[in-house]
Amino acid sequence: MSDDEDIQVEGPALAEDDPMRAFLPTSFGKRHKEADIAAQIDRSKRTAQPPPVVDKSKSKPQDSDSDDASDSDDDSDDSEEEDEYPTSHEMVIKTHDRAVTSLSLDPAGSRLITGSIDCTVKLHDFSSLTPTTIRAFRSVDPYEAKQSAAGSESHPVHHVQFNPLAGSVFLCISAHPQAKILSRDGDIITEFVKGDMYLRDMNNTKGHISEVTTGTWHPTDKNVCVTAGTDSTLRIWDINNKRSQKEVIVFKSKAPGAAGRTRMTAVAWATPVQGGNNVLVSAALDGTLVMWGGNGPFTRPSGEIREAHKPNTWTGGIDISSDGRMVVTRGGDNTIKLWDTRKFKQPLVSVEHQSTSDHYPTSNIKYGPNSTSIITGSATGHLHILNPGNLRPEYTTPVTPGSPVITVDWHPKINQIITGSANAETHILYNPTMSTRGAVDVMSRAPKRRHVDDNPEFTTDMSLGLSGDSIITPGALPGSKKTGITASGKSRDPRRPHVPQQTPFMRSQPDEKHISENIPLSKMLHEDPREALLKYADLAKKDPMFTKAWKSTQPVTQYADVSDEEDDGPEKKKFKR
């Protein structure tokens, strides 16, 4: 064979559509699998769906000429609106079992917490999420007792909110009289005290005596928060002092037949960006809207509007604009109203909007960044972006069609909208060009290699139970109570000895520290009483407290000198036999 001749390699005689071609190599050498980031982000793009006809009619003024516009103009307007708001893409988080009632992002936008009716708080860290591993790194039940406790109970979560001035803690409120402060990792830091339910005057109680409905943080002081309860009070707390509230604001209802009490349903606390006095606004079940000066005194409200919303309807949404002048409320009477704090008498604007607070009391309404928009959810599962001046819908997009959107939030730093729905889904809406960090970073990461443990359908949840074919060592499971005695005194397992229950007093350092910090004079338990009294002997001799008046006339104590040689005493009498 000469060098000029071309060498021809015979290929496999397979047809183009032969399935065997999928098993043949297409090139030589090692191939690197690289994630297609652009394709990942494109897959998270939301499918364009037209908003409901009802919202379209409401959003158009009666004297407008938009009805004569063509369909092409409407499509171009919709695309411009999509570019204006960060709603073009979405990331879905499915970590709860029931409806999501509250959510919050820390000030940096790196950590998300969600609360639900399933009595848990889920903590999500965007830095550890990937497109294939979207899950919570911790699930916390704030009121779950020990597994061995007989009276263990759980309560639905009403409200969670990160401290806007310090992202290391967040406020957690459940259907319980005691609110809690948790760290960003889910550890309980403070549990506020419960008040005495047998006291009639709420000014004399140290805490809420019944269920807490909601709360919020102080706009300028990172150590102060306020909670609203069904005992007709607002209580201002210092998170460093859990034994008693800092201030108690008792609202006296003027509704007939209410006996001066009602339930506080919503509260908002804000301060103007340009500076000035902050404002505290709260709504009540009797329809009243009350305003106080945020710096006090709180003896009398600076403004009160009776029947701002229909009485006996739950006003769950309230928010204050960034300049501190406007207040927007979403009531249970199917209305959204706009109020001016300078003329706190009549609403400036009132529009119809179907309410969901009869089923989900935590349905909220929020101002967007710089108060340029107002966002809220709807019973049909749509997100509504309203004009802050006339409350007309500027943009409506479906999030969870058929399932109500309960809670919404718009983070100003990362420019992303987070929604929580009744179908237990949390949606993060974003735009790759307008938004930063958060969901954008998650969808820009390479997907984690799939492992059998990544799919919960193929694995076993140890907390819920084991499959039937597994071999279980008796007593090896956590929380299994195979030893000890029952309530009637019988042994649970005759083959094992009784193991005494480990009480807090049997443990070492942590519980001793808890006792010394919370129980007054508990350090006296470890002190010798004789030494404790003798250390005051010299002081009592020099400056007596009780016999000081007779110090100069007090007789000198004289003791009899008894020597060892003398008899012990007089002779004993002889008894007759």
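**Asking how we know**

In β15, Val281 is the bridge partner of Ala268.

Trainee: What makes β14 and β15 a pair of strands?

Mentor: Keep in mind that this is a predicted model. Two strands pair if at least two bridges are found between them. β14 and β15 (residues 279-284) have 6 bridges, in the antiparallel sense, so they count as paired.

Trainee: Which strands belong to that sheet, and in what order?

Mentor: The order is β14-β15-β16-β17 in an open sheet of 4 strands, with antiparallel pairing.

Trainee: Why are β14 and β17 called edge strands?

Mentor: β14 (264-270) and β17 (303-305) each pair on one side only. Between neighbouring strands of this sheet the average turn is 15°, direction ignored.

Trainee: How many helices and strands does the protein chain have?

Mentor: There are 7 helices and 28 strands. Of the 577 residues in the chain, 41% count as buried.

Trainee: Why is Asp106 called buried, while Arg184 is called partly exposed?

Mentor: Buried means under 20% relative accessible area, and exposed means over 50%. Asp106 has 3%, so Asp106 is buried. Arg184 has 23%, which falls in between, so Arg184 is partly exposed.

Trainee: How do you know that Arg184 and Asp106 form a salt bridge?

Mentor: The cut-off is 4 Å, from a side-chain nitrogen of Lys or Arg to a carboxyl oxygen of Asp or Glu. The closest N and O atoms of Arg184 and Asp106 are 3.5 Å apart, so the pair qualifies.

Trainee: Which residues do shared partners join into one network?

Mentor: Salt bridges that share partners join Arg111, Asp125 and Asp185. The whole structure has 10 salt bridges.

Trainee: What makes a set of residues a nonpolar core, and how many residues are in the largest one here?

Mentor: The members must be buried residues of the nonpolar kinds, joined through side-chain atoms within 4.5 Å. The largest nonpolar core has 16 residues, and those with the most contacts inside it are Met91, Leu112, Phe126 and Ile428. β1 (89-93), β2 (100-105), β28 (426-430) and α4 (439-443) each supply at least two residues of this core. Of these, α4 gives the most, with 4 residues.

Trainee: Which residues is Met91 in contact with, leaving aside its neighbours within four places in sequence?

Mentor: Among them are Phe126, Ile134, Ile428, Tyr430, Val442 and Met443. Contact means heavy atoms within 4.5 Å, so each of these residues has an atom that close to Met91.

How values were computed: Residues are numbered from 1 along each chain as its sequence is written. This is a predicted model: local features need pLDDT of at least 70, side-chain atom pairs count only at pLDDT 80 or more; totals for chains, interfaces and linings use all residues. Side-chain values use heavy atoms; hydrogens and water are left out. Axes are lines fitted to C-alpha atoms, for helices over the stretch in contact, and angles run from 0 to 180 degrees between N-to-C directions. Buried means under 20% relative accessible area, exposed over 50%, partly exposed in between (1.4 Å probe, protein chains only).
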